[in-house]
Amino acid sequence: MSQESLFEQLKHPNPHLREQAIWELVETRDETTIDRLMAILDEEDTTYRRAAVKALGAIGVDTVPPLLVGLLNSDNVTVRGSCAKALAQVAVNYPDVPFPEAGIAGLKTALADANPVVHIAAAMALGVVGIPALDSLLEVLQNTENLGLAVSIINAVSSIPDNLSKEVLTAIANDDKADIYLRETATSALSRLELVQNQLTRG
C-alpha cells in the first residue's frame, strides 16, 4: 500500500485498520513520514490526530527531536499535548530502548506549561519512562505550588516501582501540613504503586 493510502487509512473509523496502517507506515517510512505525521498534530479530526500520535510513538526514538520542538515551541496547545502523548508512546513501544535524556529534560520543562492538558500529558509520559525520569518528577513536585500539577506528578510516580517512589508518597500521605487532597491522592497512589510492585514480583 502506498504512503498516501496509509495516511488516508489513519482516518478510518475501524481501529484495526488504523493500527494496521500505523505499523505499515513504520515499516515503509521514508524521509518525509515523520514530518507528515507531525503536521497532523493540529488536525481537528481527533481520530486522525490520535492515529498520528500512535504512529509517531510506533516509529520510536527517531521522532523524539521533532516531538520536543513541537512540545516546547508550538503555540498550539493541541500540538503540545499531542507531542507529550507521542513521547509517552515511544516509551511504551520501546521499553528496552533507553529513552533519550533530551526527551526527559524536555518533558520536565513541559511540566511548567500553564495549560493542564500539556502538563498532565508530560507528567504521564515521564511516568511511562519510569525510573530514569523519577528524579525529574520529584524535583518538580518538591518545588511546585500548582496543586493540579502536583496531583499529576503523584499519579505518575505511582506507576514507577522504586523504593524512592514509596518513600516520597508515604511522606506526603503522612504530612499533616500538606493539602488534604494531596494527602488523599498520595494515599491512593501508594495503593496503586503496591499493585505495580506486586505484579512485577509475580512476573
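**One residue, then the whole chain**

Leaving aside neighbours within four places in sequence, Q9 is in contact with M1, L17, R18, Q20 and A21; contact here means heavy atoms within 4.5 Å. This is a predicted model, where local features need pLDDT of at least 70, side-chain atom pairs count only at pLDDT 80 or more, and totals for chains, interfaces and linings use all residues. Residues are numbered from 1 along each chain as its sequence is written, and side-chain values use heavy atoms, with hydrogens and water left out.

Where does Q9 sit? Q9 is in helix 1, residues 3-9. Its relative accessibility is 12%, so Q9 counts as buried. Buried means under 20% relative accessible area, exposed over 50%, and partly exposed in between, with a 1.4 Å probe and protein chains only.

Now the chain. It has 12 helices and zero strands. Helices are DSSP runs of H or I with at least four residues, strands are runs of E with at least two, and numbering starts from the N terminus. The radius of gyration is 18 Å, close to the 17 Å that the globule rule gives for 203 residues, so the protein chain is as compact as a globular protein of that length. That radius is taken over C-alpha atoms, and the rule is 2.2 Å times the number of residues to the power 0.38. Along its principal axes, the C-alpha trace spans about 60 × 40 × 30 Å.

Of the 203 residues, 45% count as buried. Among contacts with a separation of 6 or more, 62% come from residues 24 or more positions apart.
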